[in-house]
Amino acid sequence: MSPSEEKLLWKTQVSISVENTLREIGKFEFRKVLDTLKENYNVSLSECYDNPQFLKQTLKDLFGNSYESIIATIEQNLDGLVLMEPVNEFLTIMKN
């Protein structure tokens with residue numbers, strides 16, 4: 001697998017986990033996150049893999065201190081993938 005294919009794989013896995021977590025919270029909340037990312041940063045949810053600070057700030061702005069539990073749920077949804085360096089880097093930025 002080429003490095004670009006590998007990056008796409010990690011990006012897809014993380015995006016799916018984030019999307020599933022946000023959908024669990026609610027349709028309105030999910031839509032609000034997408035709209036805020038587009039409005040404030042002109043990015044989609046999948047682009048947050050390369051810019052996790054955008055997603056982190058959006059979650060903080062919309063959910064306050066509850067964003068930490070959202071990050072924890074994303075981490076749980078990623079399961080064993082958190083041991084992989086690219087996914088771990090993403091989560092480290094989201095948590096700190």
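Contact means heavy atoms within 4.5 Å. With that in hand, the views below go from the whole chain down to single residues of this predicted model.

**View 1**
From the N terminus on, the elements run α-α-α-α-α. The radius of gyration is 13 Å, close to the 12 Å that the globule rule gives for 96 residues, so the chain is as compact as a globular protein of that length. Along its principal axes, the C-alpha trace spans about 35 × 25 × 25 Å. Of the 96 residues, 34% count as buried. Take the contacts in the chain with a separation of 6 or more: residues 24 or more positions apart account for 61% of them.

**View 2. Helix α5, residues 85–95, has buried residues that pack against other helices.**
Which residues of α5 are buried? They are V87, F90, L91 and M94. Seen down the axis of α5, these residues fall within an arc of 95 degrees, so they line one face of the helix. Their packing partners are α1 (3–25), α3 (52–63) and α4 (67–78).

**View 3. Helices α3 and α5 cross at roughly 35 degrees.**
Two packed helices are described by the angle between their axes and the distance between the axes. Here the axes of α3 and α5 come within 9 Å. The crossing of α3 past α5 is right-handed. From α3, the contact uses P52, Q53, L55, K56 and L59. From α5, it uses F90, I93, M94 and K95. Sorted by class, this contact has six nonpolar, one polar and two charged residues.

**View 4. L55 is a buried residue of helix α3.**
Buried means under 20% relative accessible area. L55 is at 1%, so it counts as buried. What does L55 touch, leaving aside its neighbours within four places in sequence? Its contacts are V18, V33, L37, L45, C48, F90 and M94. L37 lies 18 residues from L55 along the chain, and their C-alpha atoms are separated by 7.2 Å.

**View 5. L9 sits in helix α1.**
L9 is partly exposed, with a relative accessible area of 37%. How far apart are L9 and L55 in sequence and in space? They are 46 residues apart in sequence. In space they are 19 Å apart, C-alpha to C-alpha.

**View 6. N42 lies in the loop between α2 (27–41) and α3.**
Is N42 buried or exposed? N42 is exposed, with a relative accessible area of 54%. Now look at its backbone. Most residues other than glycine have a negative phi. N42 is not a glycine, although its phi is positive, about 55 degrees.

**View 7. K60 is a residue of helix α3.**
K60 has a relative accessible area of 34%, so it is partly exposed. Ten residues in sequence separate K60 from I70. Their C-alpha atoms are 9.9 Å apart in space.

Terms used
Residues are numbered from 1 along each chain as its sequence is written. This is a predicted model: local features need pLDDT of at least 70, side-chain atom pairs count only at pLDDT 80 or more; totals for chains, interfaces and linings use all residues. Side-chain values use heavy atoms; hydrogens and water are left out. Buried means under 20% relative accessible area, exposed over 50%, partly exposed in between (1.4 Å probe, protein chains only). Helices (H or I, at least four residues) and strands (E, at least two) are DSSP runs, numbered from the N terminus. The arc is that of the directions from the helix axis to the C-beta atoms. Axes are lines fitted to C-alpha atoms, for helices over the stretch in contact, and angles run from 0 to 180 degrees between N-to-C directions. A crossing is left-handed if the near helix is turned anticlockwise from the far one by less than a right angle, and right-handed if clockwise. Ala, Val, Leu, Ile, Met, Phe, Trp, Tyr, Cys and Pro count as nonpolar, Asp, Glu, Lys and Arg as charged, and the others, Gly among them, as polar. The radius of gyration is taken over C-alpha atoms; the globule rule is 2.2 Å times the number of residues to the power 0.38.
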